[in-house]
Each structure stands twice: as structure tokens, then as C-alpha cells.
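Colleague: I have just opened this one and would like a tour. Could you walk me through it?

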Amino acid sequence: IAELIRIICQNVEKNDQKIILKELLTILLMNETNSFKKIINEHSIDLICIFCEAFAVIRIENLDILNCLEDSSRELVELSIGEYPQHINQFCASCLATLLNKTTNDQLLDKFVKEIKENYLSFIFKDCENLEINSIKIKYLHLISLLVKALGLRSHKSIYDLSNEYTKILYSTNEMISKETANRFGLIVNDHPYILSKSSFAINKPLFKHKFYSLSSTIIISNFQQSETTTQIKSVYLIAMCHLLENIPKSVLLTELPKVILMLVQSLSIESTQVKEAALLIWKNLIDDESKTVSNYLISLIPALLNSADYSHSMKVRMLSMECLNKLTKYEYHKVFPFKKEVLKKIEMLLDDKKRAVRKLAVKCRNCWFLMST
């Protein structure tokens, strides 16, 4: 029902949308007070999902149907971090991010930015690895991630400070929180079908992904180079960087390549399926361009691809590795030929892979390298 109402609200004219949303408020609230908590207290807890889905696509012109946007926003914060089912927390966090992205109330935005810095981020940075506290921190982290995206999309003046502070969570001593933060870089830069998207009438100014990359990547690269050699620490930076690189324009990626290419090569040696898959997708995209920068790193790249080609934990990793190796046969002969014997030996092992799709791709890859000539 929630999804159906959201689709209707998303596709009607602004006046019709206003009527529908007003009716929803009237049916459940029965008074002039727009209280999200009242819905939970007096009705089924899942009915809040209907409101959150509908308000995710509210038009800027219709925000005035909430009598007090600040009070509604405060309640949504409580519902986002309170002891409710996870889907309720996430629905409410998304709804709050949508309202703050679309509001024209600059004073309200400034208040929330101050709260994010002084309360939310300071709580995340508290040195405590208690499981109960960690679960609350993850709720805060999800909320902060969406608010950073909401403010970034509208190019709010605070995004520079917030991006830096958010990126610093990556080198938290709390491994669970640093890993969750790395994964939520994807939440910030990936496009969602309707949450904070153009199709849901969100304010979406150009170059947000590029700006966020510029603000975050310098810190990530610097800390990656200075970090210890443990897999856990390095994988956190690599996951975050892969999310960023996947979502910037290819022209920007090629420009930034000299800075990040060593990270991308090293990511193939990290024993993490998530890191390997993300890095291989980027490599596959880069290799297509037959870039001179990529060509200069073949001596490190090809052995790394061969190492991933028989990665037993993921069929996707094995297939992506062979697809990359396949494309490398188009590079300068004198640079790839020295690896021919080693590649053929490795690919021959994959001809007996337990997955038919892998065996089929191995045959194709082996033929390309076997027939490679001047």
C-alpha cells in the first residue's frame, strides 16, 4: 500500500498531490497537529511507512501542509534512532532527509547542521564498542549519511565541513563503525529510484558526486598511504574509494587515475569479495579506454588479475577478472606478451571450474590470449 500511494503521489499534478497528502493526514491524525509519533501510538506502527513513502516524493510547493516542519523533523529524528524495527528507522531517516533537502527554511537547516556536528557526530566518535551502543551508532550513522546526501545535493554551505567530518569516521578505532561508514559511502553517492532523486522532486544540483569525491578522496588516499598493512584497515579505505570512483564521470576518473591507480591494484589483493568486485568493475571500465596510465601498470595489474581469477568465494570475481584479462589482449603486444604463458596456465585451470558460465568465459579468454599476435 505504501509503495502504491508513493507512486500515485509521484505521478499526479502538484495540486492533486496536495489533496492526497492532506487527506492522509486527516484520516489518521483527526486534528490539526501533524504528529508522526501519534500515528505509531494510536495506529499500527507500519502505517508510518505510508507517510514516509508519500512524503519521499512531496513537491517543494506542498511542504506547507505540515503545520510545523521543525516539529515534524524532530519527531522523525526520534523515530530514526529510536527502538523501533530497522525498516521504520530507515523509512523515517529517508523522510527527514527528503524534507530537509526540499525546505526553504534556512534557519531550520542551520539548526540541524549544528546538531549533526555537536550531537550526532560526537556520539559516533565516542570510544565505546559495547554491542548495544554500536547498534545505536549504526542508526545515527545511517541518518547522518542521508542528511549529508540531502545537504550535498542542494549544495548547502555546510557540506565541506560535514564531508570532512564524515570521512574521518573511516579511521575510527571501532572496526564495526568504520566498516559501516565505508559501506554508506555507496548510500551517499549512488542514485536511488525515488529517495532524494530528480523523479521525486528533490533539489539536485549538478556535480554533487564530483564535489563529494574531491572533498573525501584526499583524506582517504592520505590515510590509506599512512595506514597499517592489516587487511581490515586497508579494506575500509578501499571500499569507500571504490564507491566514490564508481560514481564519478569517466572523464574525471581518467584524470584522477594516477592518484588512485595503486589503490586499485592493491584492492585486488584484499581478501574481501566486496572490495574485489567493486575494484574489478572499475578496472573493466578503465581497460576499455586503453589508457596509457593503465598500460604503465600492467606489470602489477596482470598478476593481480590472475590472483583474482581463481578466487573461490565469488563466481562474479572470477568472471570479472577474466573479462579484464580478455580486454588486455588489445593492448600493446610487447607489454602483454611476456605474461602470455602465465595467463594461459592460470586460465587452463579454470576450464574445469564448477560453474558453467566461468568455464565458457575461460575458453573465450584462453583463445584470445592463445591467438594473440603482432
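Modeller: We can go from the overall fold to the core and then to the aromatic rings. This is a predicted model, in which local features need pLDDT of at least 70 and side-chain atom pairs count only at pLDDT 80 or more, while totals for chains, interfaces and linings use all residues. Residues are numbered from 1 along each chain as its sequence is written, and side-chain values use heavy atoms, with hydrogens and water left out.

Colleague: Fine, how many helices and strands are there?

Modeller: The protein chain has 20 helices and zero strands, where helices (H or I, at least four residues) and strands (E, at least two) are DSSP runs numbered from the N terminus. Its C-alpha atoms fill a box of roughly 80 × 45 × 35 Å along the principal axes.

Colleague: What percentage of the residues is buried?

Modeller: Of the 374 residues in the protein chain, 53% are buried, meaning under 20% relative accessible area with a 1.4 Å probe, protein chains only.

Colleague: And which residues touch the most other members of the largest nonpolar core?

Modeller: Those are W283, I302 and W369, in a core of 128 residues; such a core is a set of buried Ala, Val, Leu, Ile, Met, Phe, Trp, Tyr and Cys residues joined through side-chain atoms within 4.5 Å. Helix α8 (residues 131-153) gives the largest share of this core, with eleven residues.

Colleague: What does W369 touch?

Modeller: Leaving aside residues up to four places away in sequence, W369 touches several residues, including I302, L325, F339 and L344, with contact meaning heavy atoms within 4.5 Å.

Colleague: Switching to the rings, how many aromatic pairs are there?

Modeller: A search of the whole structure finds seven, where rings of Phe, Tyr and Trp (its six-membered ring) pair if their centres lie within 6.5 Å, and planes under 30 degrees apart count as stacked, over 60 as edge-to-face and the rest as tilted. The rings of F51 and F55 are stacked, because their centres are 6.4 Å apart and their planes are at 25°. Both residues lie in helix α4 (residues 47-55), four residues apart, about one turn of the helix.

Colleague: Why is the pair of F185 and F212 tilted?

Modeller: The pair is tilted because the planes of the two rings are at 45°, with the centres 5.7 Å apart. This pair links distant parts of the chain, with F185 in helix α10 (residues 175-189) and F212 in helix α11 (residues 208-226), 27 residues apart. F185 is buried at a relative accessible area of 0%, and F212 is buried at 1%.

Colleague: Which residues do ring pairs link into a cluster?

Modeller: The cluster consists of Y166, F185, F208 and F212.

Terms used
Buried < 20%, exposed > 50% of the residue type's maximum accessible area, 1.4 Å probe, protein only.
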